[in-house]
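Keep the sequence and the coordinates at hand while reading.

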Amino acid sequence: MKRRRSDSRLEADLYRLFEAPGSGASWFTLTGGETLFRAGDPADTLFLVRSGRLGVFRGEDGKEPEFVGVVTSGQPVGEMSLVAGTAHTATVAALRDTEILALPRDAFFEAARKSPDILAELARLMILRTRERGREANEPSVFGFVALREAPIRPFVERVAEAILGLGFTVQIIDQSALRSAAEWFGRVEDAHDFVLYVAEREETAWAALCARQVDQLFLVADMGMSPVESPLPDSPALEIQRGCRLILLRPPGSSITGTTAWISRVGALRWLHAREGDQADETRIARLITGTAVGLVLSGGGARAYAHLGAIRALRQVGTPFDFVGGSSMGAVMAAGLALEWSQGELENRIHSAFVEASPLGDIAFPIISMTRGDKVDELLEANFGEVLISDLPLPYFCVSADITLNTYRVHEVDKLGEALRASISLPGVLPPVVKDGSVLVDGAVLKSFPSDVMRARHRGPIVGVDVSRARGIDPKSLDIPQPWWRWILSGAWRQGPPIVSILMRSATISTAAELAATRAATDVLILPRLDGVEIRDWKAFEPAIAAGEEAAFEVIASLNGSITHLRTRGAETQLPEIEVEPIPPAPEPTGRRRRKGW
């Protein structure tokens, strides 16, 4: 986003602070990919970006590492930990060659006592960043597109730029004609627009190499019908710190998706996108991914209660919510897979009804050596609906999770066969036989990650909509009753949903702590919690009541929103900074330690 006026005022104040005679400030340069500081390092210095761009990365214990954002020229970094007197909570590294001004902690507090307005401006900035879901930096705004194909990609990039304009942002395309421009010119263009798109054609190798050093994120663009080719770009620390390139595979409208895995392996892509060339919907989806307005949908596990996801999806579709990235755990993973295959609402509901309501998936009761069922019916249903499709070949980005009880961790499935990944993700211990893959025993993802919104947040910058049915009311004691004599229970057909022990196993294996629940729900921007007290966890016939509960809950949440879901995470750019009164600052305590840096 373009810089706020209040940011400009802070920038001017900070430059006066750093450049004042006797301030103790120093200057140094980080090359692209070099680290400024790491999480856990002492916060003994205030830094100011003079030119270039820094990336902020956070990885908490037990959570997926997250690319938090970008720090651009004129912005401070490390101020929150410095003022709080704590260690840094994130790692910061240069995305390109970056000039840094550094002011020791003691010198900063001494200067702040003389000019309290500077501390007030920093306080406003810190409050704003806290309001914006803890962001410590801007979202990426400079993207590069490098062609792997012979045909020009400029027309494709121009259509994406038009879609960005349609979303309400300003955008500028830069091509090889800017190759000899001064570094200051690039900075002025980037400051003047919300987004800047660099484009390099196949034969423009020198320009492509420069693009890779200039951008926050890099896309390699290829045709799906091509034989995979290696990236033309040399290995770069800057690309490494960006966590690799992204791959866009274009295909003609009406053609199928194949061969994605070979492309991923050949170019070492971190993420990949599929698009029908010239298809406005697909190109607008890429525009949303660039602008941070793409919607990620996460669906939890929950047995038969997961039917509520269908109702929530129905409501979200009715108000025009796009689904750009989908994922889930257990039964939520199955629903999300239908969305990734671009099934219509009618097809999604019909397939789920046929597979789980009409087919009694837990009806093949077995002697309980490994599980209560043989799993044959589930295997047949997965094969009938998903066949040999690979996750990497799905039209929409998708993931599901399973629990690896050999390594005591969860596994994120992003390139496997879809049916096999789903079979692992729904293999509730004691109910379905586990999946043995790569030397590990995989069971239901809900065992460790029933609501994987943090997995989505690590992969997706835009707003996240989560539907969580994992904490609906637990087991009703009445559901454990079996009519006497037992043969009445058999004749009634109730045995097809499994004996009551199935409910006990399902609920016991998927209980999460309050802390885990709070952490995963905090990763969402829109949280939908259907009320499902009347739906038992193994009641596979409760299709309509669960859908109705999901739809009702979704509409209630949608009605409470102020604007479009797509732009929820962009509103921080319009937030007014509060006025802060600053009291005199006491002398700063002695720092706990210093780290030597080049240029001091």
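In this predicted model, strand β3 pairs with strand β6 (residues 76–77) in the antiparallel sense, and two bridges join them. Within this pairing, Phe-47 stands opposite Val-77 of β6.

Strand β3 also pairs with strand β8 (residues 98–104), again in the antiparallel sense, over six bridges. Here Leu-48 has Leu-101 of β8 as its bridge partner.

How many of the seven residues of β3 are buried? The strand spans residues 45–51, and five of its seven residues are buried, so β3 is largely enclosed by the rest of the structure.

Helix α7 (residues 205–214) can be read in the same terms. Seven of its 10 residues are buried, so this helix too is largely enclosed by the rest of the structure. The buried residues of α7 are Trp-207, Ala-208, Ala-209, Leu-210, Cys-211, Ala-212 and Gln-214. An α-helix has 3.6 residues a turn, so residues three or four places apart point the same way.

Cys-245 has a relative accessible area of 9%, and it counts as buried because the cut-off is under 20%. Cys-400 is buried as well, at 0% relative accessibility.

How many disulfides does a search of the whole structure find? The search finds zero. A disulfide is a covalent bond between the sulfur atoms of two cysteines. No such pair turns up anywhere in the structure, and this includes the buried Cys-245 and the buried Cys-400.

Key: Residues are numbered from 1 along each chain as its sequence is written. This is a predicted model: local features need pLDDT of at least 70, side-chain atom pairs count only at pLDDT 80 or more; totals for chains, interfaces and linings use all residues. Side-chain values use heavy atoms; hydrogens and water are left out. A disulfide is a pair of cysteine sulfur atoms within 2.5 Å. Buried means under 20% relative accessible area, exposed over 50%, partly exposed in between (1.4 Å probe, protein chains only). Helices (H or I, at least four residues) and strands (E, at least two) are DSSP runs, numbered from the N terminus. Two strands pair if DSSP finds at least two bridges between them.
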